[in-house]
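Keep the viewer open as you read.

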Amino acid sequence: MGAQTTLPSMERWVGLVLVGSVALALLAAGALAILFALQPTSFRIARSRTIAAPPSAIRAVLSDMRTFSGVAAALGAPDSTRIYTPSPGRTGPGAWFESHGRDGTSRLSLVSETDALVEFRTRNDGVDGALLRFELRPLVPGTEVTIVLMNEMHGLARALWPFVGLEGRVGPDMEDALLHLESAVLAR
């Protein structure tokens with residue numbers, strides 16, 4: 001008699017498929033965990049421009065909320081319905097301006113001002129946000145102004161970082177803000 005081949009039972013096939021599916025799911029979860037662990041915990045986006053003015057003239061525009069609101073408006077999507085309101089004390093640390101629009105309320109507060117640095121903190125609908133920094137480096141002639149946007153990332157924002165393309169979306173707005181800053185400084 002010849003050798004007889006038997007097919008594995010249906011239960012065995014189901015068991016193998018189930019074990020394989022669980023192993024594949026664990027492998028995928030492990031790969032996602034590794035991908036998440038490799039993502040940065042913060043971001044920093046910077047753009048620079050040389051402005052033909054001394055640092056003191058640039059600081060004067062940055063620290064005056066009424067003037068600076070026009071510069072900061074270039075950092076967001078254009079919205080003709082947005083209303084900008086400066087703080088009553090409109091200059092120096094502690095001064096702020098709010099912008100109210102269809103997408104909510106945001107506030108930009110001046111938190112620090114030195115000869116070489118002016119820093120703002122964003123707050124969107126009551127939640128603290130990114131740090132916006134203007135670094136001023138004197139040149140002969142003029143000043144190199146570097147605008148820096150930085151913040152920590154947690155949870156979903158951190159997991160989606162490779163797919164968001166924030167640098168490409170925010171970078172052009174930062175360049176527009178530097179152009180507006182230059183116009184405001186030279187108009188004084």
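Contact here means heavy atoms within 4.5 Å. This is a predicted model, in which local features need pLDDT of at least 70 and side-chain atom pairs count only at pLDDT 80 or more, while totals for chains, interfaces and linings use all residues. Residues are numbered from 1 along each chain as its sequence is written, and side-chain values use heavy atoms, with hydrogens and water left out.

Let's begin with serine 109, which sits in strand 4 (residues 104–113); strands are DSSP runs of E with at least two residues, helices are runs of H or I with at least four, and both are numbered from the N terminus. Not counting residues up to four places away in sequence, serine 109 touches Ala95, Trp96, Glu119, Phe120 and Arg121.

Phe120 leads us on to the largest nonpolar core, as one of its residues with the most contacts inside it, alongside Ile58, Phe68, Phe134 and Leu181. Such a core is a set of buried (under 20% relative accessible area, 1.4 Å probe, protein chains only) Ala, Val, Leu, Ile, Met, Phe, Trp, Tyr and Cys residues joined through side-chain atoms within 4.5 Å.

Now turn to helix 2 (residues 55–63) and helix 5 (residues 166–187), which pack at about 110° with axes 9 Å apart. Here, axes are lines fitted to C-alpha atoms, for helices over the stretch in contact, and angles run from 0 to 180 degrees between N-to-C directions. Ala57, Ile58, Val61 and Leu62 of helix 2 meet Leu181, Ala184 and Val185 of helix 5.

Conventions: Buried means under 20% relative accessible area, exposed over 50%, partly exposed in between (1.4 Å probe, protein chains only).
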